Amino acid sequence: MASISALQKNNYFDFEVTDFGFVNCYKNMLTEKNTAISCIRKDWSIVLVTSGNIHVNDLNLDIQKNQLFIFKPESLQDITYTQETCSYWLYIAGKTVDNIIQNLNIPLGSPCNIRNEKLSSLLDLIISEYLNKDVNYEGIALSLISSFLNHIPRELASIQKSGPSALKDVVVAMYQNPHISNQECAKMCFMSINHFIRIFKTHFGMTPQKFKQNIIITQAKDFLVKSQLSITEIAQTLGFTDNPLYFSDFFKSIVGMYPSNYRKLHAQNGDKKD
């Protein structure tokens, strides 16, 4: 890869002399699955995943969509692209860069959930400057990199603030469609699926799947007791359109009896009260 020549010295980067250096930036659209790459770089490597995920083999973790990860200089980058993935890679170096990254107040060595729209837009501009090499492109690229780094804590704070608020929107969406996937819910909160499940369980004391099951069962009981709808009609109303018969087995697995028996039991109890 080509690099800014002022940053090079005998094919290595002069980290002691360079104050703030732009090494490279590119957008990686990878369509081949299970592509493995392993290297050790002397610069800071910042990766932003916008689709798919990247597995970091030596750390046994995934950098997923809407996550950012920073590889420190001299650290092993042993990664595998397990699926079609789109990611941005920014390589920077210098004493000022060291200070900025250390003061970002983000955990190094683990992925950060982040809104990627602003950051990916800045990276697109950096790539454009780097490729076109118009007048003062180096100065403009460095200015954009500085803006990119300074936006990271803002985007992280934005995610943290919107998390609990976004959960409220997710709950509304669950009541409207209890069959909504965890992936869709996580996307609403700008979180990875695993992080969404952890945050949801912390706030509500149960997993999203259990919460959605409770919604379905509560609505089903209400229909069975208060409506004249058939079991099939209730199943279809609750979203079991492909296999209404599965609704009865699902209901029994949670409640301990089939919907027809639940309806009869509550009808008998109603007659006794009368």
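**Why these labels? Questions on a predicted model**

Q: Why is strand β3 called largely enclosed by the rest of the structure?
A: Buried means under 20% relative accessible area, exposed over 50%, and partly exposed in between, with a 1.4 Å probe and protein chains only. In β3 (residues 21–30), 7 of the 10 residues are buried, so the strand is largely enclosed by the rest of the structure. This is a predicted model: local features need pLDDT of at least 70, side-chain atom pairs count only at pLDDT 80 or more, and totals for chains, interfaces and linings use all residues. Residues are numbered from 1 along each chain as its sequence is written, and side-chain values use heavy atoms, with hydrogens and water left out.

Q: What makes β4 and β7 edge strands?
A: The open sheet has 4 strands in the order β4-β9-β6-β7, with antiparallel pairing. β4 (35–40) and β7 (61–64) each have a single partner strand, so one side of each is left without a neighbour in the sheet.

Q: How do you know that the length of helix α2 agrees with what it should span?
A: The expected span is 1.5 Å times one less than the number of residues. For the 16 residues of α2 (residues 117–132) that gives 22 Å, and the end C-alpha atoms are 22 Å apart, so the two agree. The buried residues of α2 include Leu 119, Leu 122, Leu 123, Ile 126 and Tyr 130.

Q: Why is Asn 34 called exposed?
A: Its relative accessibility is 57%, and the cut-off is over 50%, so exposed it is. Asn 34 is in the loop between β3 and β4, and has a positive phi of about 60° although it is not a glycine.

Q: Is Asn 66 buried or exposed, and why?
A: Buried, because its relative accessible area is 9%, under the 20% limit. Asn 66 lies in the loop between β7 and β8 (67–71), with a positive phi of about 65°.

Note on methods. Helix = DSSP H or I, 4+ residues; strand = E, 2+ residues; numbered from the N terminus. Pairing = 2+ DSSP bridges.
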